Number of protein chains: 2
Amino acid sequence: MSLTVVGSIAFDAVETPAGSRDRLLGGAAVHFSIASSQLAETRIVGPVGDDFGPDEYAILHARGVITDDVEHIPGGRTFFWAGRYHRDINQRDTLKTDLNVFEDFRPKLSDAARAAEVVFLANIQPELQREVREQCAAARFVAMDSMNLWIDIAHEELLRTIASVDCLVLNDAELKQLTDEPNLIRAAHAALELGPRAVIAKQGEYGSALITREGFFGLTAYPTGDIVEPTGAGDTFAGGLMGYLAALRGEIDDAALRRAMAYGTACASFNVEGFGSERLYGLERAEIDARVAELERISAF
Amino acid sequence: MSLTVVGSIAFDAVETPAGSRDRLLGGAAVHFSIASSQLAETRIVGPVGDDFGPDEYAILHARGVITDDVEHIPGGRTFFWAGRYHRDINQRDTLKTDLNVFEDFRPKLSDAARAAEVVFLANIQPELQREVREQCAAARFVAMDSMNLWIDIAHEELLRTIASVDCLVLNDAELKQLTDEPNLIRAAHAALELGPRAVIAKQGEYGSALITREGFFGLTAYPTGDIVEPTGAGDTFAGGLMGYLAALRGEIDDAALRRAMAYGTACASFNVEGFGSERLYGLERAEIDARVAELERISAF
């Protein structure tokens with residue numbers, strides 16, 4: 001099945017205890033598609049400026065990502081983000097956010113992108129996410145991310161968008177903030193009441209949890225001691241998750257969602273082991289499968 | 001097999017969003033033994049004052065806890081702790097800590113307590129923990145807890161004690177603090193270097209992780225939306241864990257430790273659903289087994 005992701009394409013500058021980089025290919029839709037494309041054909045929808053050139057396209061094409069829907073804004077500059085990670089890599093400070101061409105982005109999807117059966121709405125204004133969702137009327141499974149900013153300043157709009165998707169993927173803290181409920185289980189059930197049939201809480205170093213009307217699933221993070229730079233780990237998780245679902249022939253039920261989360265977790269573990277998504281550039285499918293198998297072993301008792 | 005636990009016996013006063021209590025039976029060794037006694041015969045070692053009377057003994061005896069090694073200090077008062085929980089129940093403030101008879105506690109074990117095959121050293125001064133460990137020379141499995149205070153003010157002493165046990169059970173944050181290593185996997189491996197063959201990181205609402213030289217195991221918390229008061233959840237977890245191991249006839253290998261953690265997780269989930277350990281007072285073994293079976297289902301993919 002085909003997969004479309006809509007979201008940011010960016011350059012990132014990062015400082016970490018392991019070193020610095022001033023120009024990494026980043027952005028939610030990029031991290032997502034570099035992971036998902038290993039599992040299913042992926043179309044990326046997002047805006048870039050004049051500074052986004054053949055080198056960047058080459059990275060995406062090498063992973064098989066279809067870039068026909070990348071929108072080039074002449075005279076514009078690509079979204080830029082700079083951050084500094086602490087010694088505890090779970091802590092970071094944002095140093096700079098230049099939205100640039102992303103500020104006025106209105107997604108325009110080609111017929112091929114609209115025809116996707118599986119769609120991921122990465123973190124953008126909820127109103128734009130809903131526009132995309134409505135364009136993809138044929139999709140059998142649509143998931144979305146969001147962030148604290150929209151929970152604060154576009155709450156009602158966000159609730160309407162959540163009502164239109166099948167699956168909400170948020171950080172643990174965002175899910176609690178969205179529902180004003182400090183207990184994860186209650187927060188997730190409150191989010192289910194908004195409309196989606198699945199809620200996935202990303203819990204960083206602790207793993208992730210799936211909550212549906214059928215039940216609960218908790219999955220540990222892949223245990224890696226080699227964390228270099230975690231930007232985009234959440235989007236990479238979503239990429240592995242949705243890539244697995246897009247490749248699936250059968251029904252997207254709880255069992256499928258559980259296995260999809262293992263794929264997301266495996267992909268995210270590679271993401272954090274290098275700068276940007278670099279660790280995934282040359283990654284073989286068999287390496288992802290091996291970590292999924294390892295996740296099965298380390299979760300069983 | 002027999003099980004001995006050494007640690008605090010206390011009265012707790014708590015304020016929570018669900019109500020207040022000014023005199024709950026508490027203390028690490030109490031929370032532990034009320035859980036462990038459901039699985040294996042448990043002897044509790046700890047000091048009490050004149051205010052600890054027949055009602056408190058009756059609670060312990062009803063669970064089958066052997067109290068011969070409870071040391072009554074005439075004229076003394078029992079350890080008292082008061083705390084206030086926030087709306088986010090993972091946050092709390094300590095309002096009062098009166099060590100009372102616990103301040104000068106030096107564990108004196110009866111022959112029966114020393115003969116235990118499985119021993120848990122709840123959080124007390126590391127020097128006292130080591131004295132107990134040396135008295136229990138025949139034990140086949142000894143585990144210990146500790147806290148940030150001892151990591152700060154008795155670091156070398158604590159390292160020597162850790163070297164003398166089989167298993168270190170700490171909060172995630174304490175493990176990172178002990179080893180000065182912000183990554184859990186690296187922190188756990190640094191802790192293994194100190195001597196124990198197993199390290200268990202308690203991660204509160206996220207679950208727990210086991211790290212041994214053989215590998216890693218990550219277990220979700222039991223998903224409960226009904227959290228009333230979580231004091232003693234970590235000690236209850238240790239009680240379920242060690243109770244399972246004490247009842248085990250076979251070798252205490254990684255497979256046994258994994259299943260033991262599921263018993264700890266199940267017991268802890270009951271602890272948080274009531275004030276103090278009250279939810280466990282009338283608990284049947286079958287109810288614990290049912291949650292362990294549920295944990296298996298919600299961890300599998």
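**The interface**

In the predicted model, 35 residues of chain A are in contact with 35 residues of chain B. The size of an interface is often expressed as the accessible area that is lost when the parts come together. For chain A and chain B, the area buried between them is about 2900 Å², and 54% of it lies on carbon and sulfur atoms.

On the side of chain A that touches chain B, at least two residues each come from α7 (172–179), α8 (184–193), β13 (216–219), α10 (254–272) and α12 (285–299) of chain A. Of the elements on this side, α12(A) gives the most, with six residues. By residue class, the side of chain A that touches chain B is made up of 15 nonpolar, seven polar and 13 charged residues.

Six salt bridges are counted between chain A and chain B. In one salt bridge, B:R186 is paired with A:D226, and the closest N and O atoms are 3.4 Å apart.

**Relation of the two copies**

Two copies of a chain are related by a rotation about an axis together with a shift along it. The same surface serves both copies, since 100% of the contact residues of chain A recur in chain B.

**Salt bridges in the structure**

Over all chains, the structure holds 42 salt bridges.

| Salt bridge | Closest N and O atoms |
|---|---|
| B:R186 and A:D226 | 3.4 Å |
| A:E71 and A:K108 | 3.2 Å |
| B:R106 and B:E131 | 2.3 Å |

The salt bridge of A:E71 with A:K108 has its closest N and O atoms 3.2 Å apart. A:E71 belongs to strand β5 (residues 70–72) of chain A and A:K108 to the loop between β7 (92–98) and α3 (111–114) of chain A, so the pair ties together parts that are 37 residues apart in sequence. The relative accessible area of A:E71 is 22%, so this residue is partly exposed. A:K108 counts as exposed because its relative accessibility is 53%, where exposed means over 50%.

In chain B, B:R106 forms a salt bridge with B:E131. This pair links distant parts of the chain, 25 residues apart: B:R106 is in the loop between β7 (92–98) and α3 (111–114) of chain B, and B:E131 is in helix α4 (residues 126–135) of chain B. B:R106 counts as partly exposed at 43% relative accessibility, and B:E131 counts as partly exposed at 23%. Elsewhere, A:R43, A:D68 and A:D69 are joined into one network by salt bridges that share partners.

Technical notes. Residues are numbered from 1 along each chain as its sequence is written. Chains are lettered from A and ligands numbered from 1 in the order in which they are written. This is a predicted model: local features need pLDDT of at least 70, side-chain atom pairs count only at pLDDT 80 or more; totals for chains, interfaces and linings use all residues. Side-chain values use heavy atoms; hydrogens and water are left out. Contact means heavy atoms within 4.5 Å. Buried area is the accessible area (1.4 Å probe) that two parts lose on being put together, summed over both. A salt bridge is a side-chain nitrogen of Lys or Arg within 4 Å of a carboxyl oxygen of Asp or Glu. Helices (H or I, at least four residues) and strands (E, at least two) are DSSP runs, numbered from the N terminus. Ala, Val, Leu, Ile, Met, Phe, Trp, Tyr, Cys and Pro count as nonpolar, Asp, Glu, Lys and Arg as charged, and the others, Gly among them, as polar. Buried means under 20% relative accessible area, exposed over 50%, partly exposed in between (1.4 Å probe, protein chains only).
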